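Visitor: Please show me the model, and then tell me what stands behind the terms used for it.

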Amino acid sequence: MFVSGTTHLLPGKACSFGVVTPVNSTNSIFSTFLVTGIRGLEAVHIWISIPFCTMFLSTLVGNVTILTVIWREQTLHVPMYLFLAMLAASDLGLSLSTFPTMLKIFWLDARELTFLACFTQMFFIHTFQDFESAIILAMAFDRYVAISRPLHYSSILTSNVIARIGLAIVVRTLTVQLPLPILLKRLCFCHSNVLSHSYCLHPDIIKLSCSNTRINSVFGLFVVLSTMGLDFFLILLSYVLILKTVLGIASRGGRHKALNTCISHLCAVILFFTPMICLSMLHRFGPRLPSHIYVTMANMHFLIPPVMNPIVYVVKTKQIRDKILKLCIKRGPGEF
């Protein structure tokens, strides 16, 4: 039965500009989204799951270890390591929001997600993504203060200041992310319910809508520019100021030591922002590439930093490395 007139925009209900279509028409009424594995390699998904499972376990072990060490060791309760603990917590959240869905696809071919489940996953992925961006910015500020104002470092970055920075990160992120799933609920979805990624992302979801998505697109762009875009610009600015300060140090050894304290953080910046910037540039200015290229770069942005950040900080930070060894020896190899 066809019903003419204004259609109520209900989540998951097909709409065709004033006409409600029947269930068996080409504009089907969907109640779920279908996430996608790796196209063309469905036959070997079980084998592909092995490196992804290894990455997930490495992420859990690495970040939980860093959190445990920083929590237990009072000597690490200083700004640099408190920000590192925030980064590890954010990495855990991002991994728990993405990896389980991917592994379900690879192991069980479980691709269906309800609208509520998909919108919820999208909210947590983008929330932890913004958390990570803001924390990396806070760590850049920490490095700037440590190098340019070393004598006043502890008096500037007090525990109270760090707590306020953490609260500001949470408030800013929730303020811009909470409207996203709310705005999605007003949309209708038809023609297709197949997402191009293995998890739910805001740009991917709105592409499937038959409704007017102008508000969603404009607000989504505003969120990206006002969070990660602004963060990246301020990080670049902080490193310009750091470089200016370092060049003013008289001794070569002093310059080398100052820059060496930034290497771990620079790795975190590169791991997080490079795939995102490349993906954005390709989408807007690059040639049309196969879809798996975009999916692979998105996976690099969301999956690689949580795996690599603990490794980089353990390898490059002697204090963390020593405390982990101390904790392992103290507890014994069978108890850690």
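Guide: A residue counts as buried when its relative accessible area is under 20%. The model is predicted.

Visitor: What makes H3 mostly covered?

Guide: Of the 34 residues of H3, 26 are buried.

Visitor: How do you know what span is expected of helix H3?

Guide: The expected span is 1.5 Å times one less than the number of residues. H3, residues 115–148, has 34 residues, for which 50 Å is expected; from its first C-alpha to its last it reaches 49 Å, close to that value.

Visitor: Why are H3 and H8 called roughly parallel?

Guide: Helix H8 comprises residues 214–247, and it packs with H3 at an angle of about 15°, the axes being 9 Å apart. Angles under 35 degrees count as roughly parallel, and therefore the term applies to H3 and H8. The crossing of H3 past H8 is left-handed.

Visitor: Which residues make the contact?

Guide: On H3 they include Gln129, Asp130, Ser133, Ile136 and Tyr144, and on H8 they include Val223, Thr227, Asp231, Leu234 and Ile242. By class, 13 residues of the contact are nonpolar, six are polar and three are charged.

Visitor: Why does Thr173 count as buried?

Guide: The cut-off is under 20% relative accessible area. Thr173 has 0% relative accessibility, so it counts as buried.

Visitor: Where does Thr173 lie, and which residues does it touch?

Guide: Thr173 lies in helix H5, residues 159–177. Leaving out residues up to four places away in sequence, Thr173 touches Thr127, Asp130 and Phe131. Asp130 is also one of the H3 residues in the contact with H8.

Notes: Residues numbered from 1 in each chain as written. Predicted model: local features only at pLDDT ≥ 70, side-chain atom pairs only at ≥ 80, totals over all residues. Heavy atoms only, no water. Helix = DSSP H or I, 4+ residues; strand = E, 2+ residues; numbered from the N terminus. Buried < 20%, exposed > 50% of the residue type's maximum accessible area, 1.4 Å probe, protein only. Axes fitted to C-alpha atoms, helices over the stretch in contact; angles between N-to-C directions. Parallel < 35°, antiparallel > 145°, perpendicular 65-115°, else oblique. Left-handed = near helix turned anticlockwise from the far one by under 90°. Contact = heavy atoms within 4.5 Å. Nonpolar A, V, L, I, M, F, W, Y, C, P; charged D, E, K, R; others polar.
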